[in-house]
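These are my notes from a first look through this structure. I wrote down what I looked up, one topic per entry.

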Amino acid sequence: MKVLSRKDFPEEKYSNAVVGFGPQETNFVLGLTSHHNAMDKLDVGTAFDHFGITTQDIYNTVEKIRSNGGVITREPGPLTEGGTTIFAFVKDPNGYSFELLQRPPTPEPLCQMCINVFDIDRSIEFYNKALGMNLLLPKFNATEQQYTIAMLGYGSNLTETTIIELKYNYNVTQYTRGNGYAQVAIGTNDVYKSAAAVELVTKELGGKIIRPPGPIPKTKTKITASLDADGFQTVLVDNQDYLKELKKQ
């Protein structure tokens, strides 16, 4: 990834960096926050699971990560004997987990983020009705590994868009929230209309609006924020306002 922007906020005592494989105007990116106060301890928690990144040479990528201090938690290989998808899991020095997936070249290597949920059918319905995402593949039950996953996104297949992977782990009844994962931000052409749609869905499926639609005082960018039934936050950002802010950087 490349560093796309960096900002320091000394009065608020934190710094931000945005990293990604392509420009913010067209690519999914990661926002990194570092708190200056040593007392603000980072706790990744267990509710957020991992990010996914594609690579054309997974074995070489794993060795680069290993040599740079990353921890390999699953060596490259298929899920089952004879499987065609080759993947590995690694952790960065802060404890964030990344799944590496061997795939052909793609314009969006930062391909997915995985969150742990308690009711996968409810979550599928929420992200479909509230945020307009499509179920890209049928649910996959890994009975031997004791989990079920569902892939949702805005394209028609896994290569067209960064996806949200919903994961239900059998017999797990509690996760720690932590402070290591904040939110996912999604663009919309009408923040007010989108917020109204989300609010209707929360009444049916749980969750709530935690920031009513409107402009941020400093930048005037219109946003709204909501929680799903599992407590994961989504921020919807006005597309035109977002592009205006990027031009100022």
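I began with strands S15 (residues 222-227) and S16, which pair in the antiparallel sense over five bridges. I took helices (H or I, at least four residues) and strands (E, at least two) as DSSP runs, numbered from the N terminus, and I counted two strands as paired if DSSP finds at least two bridges between them. Leucine 227 has glutamine 233 in S16 as its bridge partner. The two strands form a hairpin with five residues between them, and glycine 231 in the turn has a positive phi of about 90 degrees.

The model is predicted: local features need pLDDT of at least 70, side-chain atom pairs count only at pLDDT 80 or more, and totals for chains, interfaces and linings use all residues. Residues are numbered from 1 along each chain as its sequence is written, and side-chain values use heavy atoms, with hydrogens and water left out.

I followed S16 to its other partner, strand S13 (residues 184-188), and found parallel pairing over five bridges. Here glycine 187 stands opposite valine 237. The open sheet has four strands in the order S13-S16-S15-S14, with mixed pairing. S13 and S14 (208-215) stand at the edges with a single partner strand each, so one side of each is left without a neighbour in the sheet. The twist averages 15 degrees from one strand to the next. I fitted axes as lines to C-alpha atoms, for helices over the stretch in contact, with angles from 0 to 180 degrees between N-to-C directions. S14 and S15 run antiparallel, joined by five bridges, and arginine 211 stands opposite alanine 225 in S15. Helix H4 (residues 239-248) packs on the sheet and touches S13, S15 and S16; its direction makes about 80 degrees with that of S16. Contact means heavy atoms within 4.5 Å.

Is strand S16 buried or exposed? Six of its six residues (233-238) are buried, so S16 is largely enclosed by the rest of the structure. Buried means under 20% relative accessible area, exposed over 50%, partly exposed in between (1.4 Å probe, protein chains only). In a regular strand the side chains alternate between the two faces of the sheet. In S16, Gln233, Val235 and Val237 point one way, Thr234, Leu236 and Asp238 the other, and all are buried.

I looked up the largest nonpolar core, which has 41 residues; Met113, Ile115, Tyr127, Leu131 and Leu166 touch the most other members. Helix H2 (residues 120-129) gives the largest share of this core, four residues. Such a core is a set of buried Ala, Val, Leu, Ile, Met, Phe, Trp, Tyr and Cys residues joined through side-chain atoms within 4.5 Å.

Where is glutamine 112 placed? I found glutamine 112 in strand S8 (residues 110-116). Its relative accessibility is 1%, so glutamine 112 counts as buried. The side chain of glutamine 112 makes a polar contact of 3.1 Å with that of glutamate 99 and another of 2.7 Å with that of glutamate 165. A polar contact is a pair of N or O atoms within 3.5 Å; within protein, one must be able to donate a hydrogen and the other to accept it, and residues adjacent in sequence count only if both atoms are side-chain atoms.
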